[in-house]
Amino acid sequence: MKITDRIDNITGIPLNYLYEVIPPPESCKIELTANCNYKCTFCVKSIMPDNSQMDREFYSRIIREMYEAGVKELGVFYIGESFTCKWLPEAIKEAKDVGFPYVFLTTNGSAATPERVKACMEAGLDSLKFSVNFTDDEQFKTIAQVNPKLYHHALKNIELAAKVRNEGKYDCGIYASSIKFDGEQGEKMQQIIDKYVLSYVDEFYWLPLYGMSGASKAAGWKPQAGNPGRLDNMRVSIPCWAAFTEAHITAKGKLAACCFGTGADGDLVMADLNEVNFMQGWNSQKFQELRHAHLTNNLKGTGCESCITG
């Protein structure tokens, strides 16, 4: 199955999920570490610095609860950069041993060295996707606020990951995505993709300028409301698929409603999975109320209001 098919499967809400109490999600992203080697101005981490590490006993428990509930796809990342987590390969292997048929990972690429990538592929990683959203050293330095050398490492690591996969004959897809900008920024981005990406990935896709899409806000563009999915198959803003078809677990064990973070006041935290099991959190009272707001098209006063209204 192509990665775009998997994305479309998650961003499209099935009819039996358009309720307040719903079946387990097919996919979940879990944050092994909240640490990131970038300091992007647009990221929630610029407002709420957090270097939390997930407790390994919690990880072992919660992935088993999710698997037993029926979750099929496990993303071993969330907001932090998972390649900065020392036990990333062990987390992948454990998930595969538990039985997850599809374990995936998205990275900014700078810490995805050939050695680390090989360890993850040996552990059973099914999908590795690179996010590519900067056009040059100056833009990277301004937005990511770290040494521009990391930008070049990230681009080179795409090529090296393909080499590791091909030489080792690992059964792992390699992908990339980028935000689709207009004008000069878009033209420069296309040049980067053509030069450093397309020859080394199995599939590439564009993302629209959407709420919390990062570089778009930092560069002064006006993003679209909500999270409409990928550019070639955009979804409606309300109801938002993130609250219905995919779970998101922070390094501290909190179940969040959205991949855009938990919000400064915690209004997107739906449950504490240190205190309840996965399905209790997935259909918590707070989650039910948020889904009701989406289903009735009334997000006023919810943690989703600013994302939808801009």
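**Notebook: rings and helices**

I began with the aromatic rings and found that Phe-77, Tyr-102 and Phe-104 form one aromatic cluster. I am working on a predicted model, in which local features need pLDDT of at least 70, side-chain atom pairs count only at pLDDT 80 or more, and totals for chains, interfaces and linings use all residues. Residues are numbered from 1 along each chain as its sequence is written, and side-chain values use heavy atoms, with hydrogens and water left out.

**Entry: aromatic pairs**

I looked up the pairs and found seven of them in the structure. Rings of Phe, Tyr and Trp (its six-membered ring) pair if their centres lie within 6.5 Å; planes under 30 degrees apart count as stacked, over 60 as edge-to-face and the rest as tilted.

I noted Tyr-59 and Trp-87, whose ring centres are 5.4 Å apart with planes at 75°, so this pair is edge-to-face. Tyr-59 belongs to helix H2 (residues 56-69) and Trp-87 to the loop between strand E2 (73-75) and helix H3 (88-98), so the pair ties together parts that are 28 residues apart in sequence. Helices (H or I, at least four residues) and strands (E, at least two) are DSSP runs, numbered from the N terminus.

I then checked burial, where buried means under 20% relative accessible area, exposed over 50%, and partly exposed in between (1.4 Å probe, protein chains only). Tyr-59 is buried at 0%, and Trp-87 is buried at 11%.

Phe-204 is buried at 19%, and Trp-206 is buried at 15%.

**Entry: charges over rings**

I counted a charge as over a ring if NZ of Lys or CZ of Arg is within 6 Å of the ring centre and within 35 degrees of the ring normal. Arg-6 lies over the face of Tyr-102, 3.7 Å from the ring centre. The charged end of Arg-291 sits over the ring of Phe-287, 3.9 Å from its centre.

**Entry: H2 against H3**

Which residues of H2 meet H3? I listed the contacts (heavy atoms within 4.5 Å). On the H2 side they include Tyr-59, Ile-63 and Tyr-67, and on the H3 side Ile-92, Ala-95 and Val-98.

The axes of H2 and H3 come within 10 Å and cross at roughly 30°. Axes are lines fitted to C-alpha atoms, for helices over the stretch in contact, and angles run from 0 to 180 degrees between N-to-C directions.
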